[in-house]
Amino acid sequence: MEGLSYLRGELMKIKEVSEQCGLSSKSIRYYEAMGLLDVERSENGYREYDASQIERLKEIRLFRDLFIPIEDIRQYYESEQSMDEFMAQAMNKLQQQIEERKTARDFCAYIQLHYKEKDGLVSYYEKWGQTHLLAGIVHDCFIHLIRRQL
């Protein structure tokens, strides 16, 4: 039965692992390069994966699907952090990103309504930029908008 090799304790090549995990070979090599995965090589230099590495790749894919940064995943694997602590950290970061995006959305809505009122927009941006973390992103959006008007 193809695809069950790792369950029988057999080593798999990157192509088989890619199919098992739903990841591209490039992504798998990238995760290895980023320190998320240690892979043994055969005498001929091919990467060989065992069941534990395949499970780790599936975890990494899940974490990435949850928008967890690679650096956070690497730190989790290198630390003694519990899954509970790791998920709490991930949820906190996601909540912060949600709030930042809501604020950016609100500012975009304001721009949509008032973009012809250049002075009002500048004033609002200055107030808004002083109190929000997304000032860099909004600044880029604002500069683009101003250049369009000039």
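Visitor: How far apart in helix H4 are Arg 74 and Glu 71?
Guide: They are three residues apart in helix H4 (residues 70–78), so about one helical turn separates them. Keep in mind that this is a predicted model.

Visitor: And what do their side chains do?
Guide: The side chains of Arg 74 and Glu 71 form a salt bridge, 2.2 Å from N to O.

Visitor: Which other salt bridge does Arg 74 make?
Guide: One with the side chain of Glu 78, at 2.5 Å from N to O. Arg 74 and Glu 78 are both in helix H4, four residues apart, which is about one turn of the helix.

Visitor: Is Glu 71 buried, exposed or partly exposed?
Guide: Glu 71 counts as partly exposed because its relative accessibility is 35%. Glu 78 has a relative accessible area of 54%, so Glu 78 is exposed.

Visitor: How many salt bridges are there in the whole structure?
Guide: A search of the whole structure finds seven. One of them joins the side chains of Arg 47 and Glu 32, at 2.5 Å from N to O.

Visitor: Where do those two sit?
Guide: Arg 47 lies in strand S2 and Glu 32 in helix H2 (residues 25–33), so the pair ties together parts that are 15 residues apart in sequence. Strand S2 covers residues 47–48.

Visitor: Is that pair buried or exposed?
Guide: Both Arg 47 and Glu 32 are buried.

Visitor: Why does Arg 47 count as buried?
Guide: Because its relative accessibility is 19%, and buried means under 20%.

Visitor: What does Arg 47 touch, leaving out residues up to four places away in sequence?
Guide: Quite a list. Arg 47 touches Met 12, Lys 13, Ile 14, Arg 29, Glu 32, Val 39, Glu 40 and Arg 41.

Visitor: New topic. At what angle do H3 and H4 pack?
Guide: Helix H3 (residues 51–65) and H4 pack at about 140°, and their axes are 10 Å apart. H3 and H4 are therefore oblique to each other.

Visitor: Is the crossing left-handed or right-handed?
Guide: H3 passes H4 in a right-handed crossing.

Visitor: Which residues meet there?
Guide: From H3, there are Arg 56, Glu 59, Ile 60, Phe 63 and Arg 64. They meet Ile 70, Ile 73, Tyr 76 and Tyr 77 in H4.

Notes
Residues are numbered from 1 along each chain as its sequence is written. This is a predicted model: local features need pLDDT of at least 70, side-chain atom pairs count only at pLDDT 80 or more; totals for chains, interfaces and linings use all residues. Side-chain values use heavy atoms; hydrogens and water are left out. Buried means under 20% relative accessible area, exposed over 50%, partly exposed in between (1.4 Å probe, protein chains only). Contact means heavy atoms within 4.5 Å. A salt bridge is a side-chain nitrogen of Lys or Arg within 4 Å of a carboxyl oxygen of Asp or Glu. Axes are lines fitted to C-alpha atoms, for helices over the stretch in contact, and angles run from 0 to 180 degrees between N-to-C directions. Angles under 35 degrees count as roughly parallel, over 145 as roughly antiparallel, 65 to 115 as roughly perpendicular and the rest as oblique. A crossing is left-handed if the near helix is turned anticlockwise from the far one by less than a right angle, and right-handed if clockwise.
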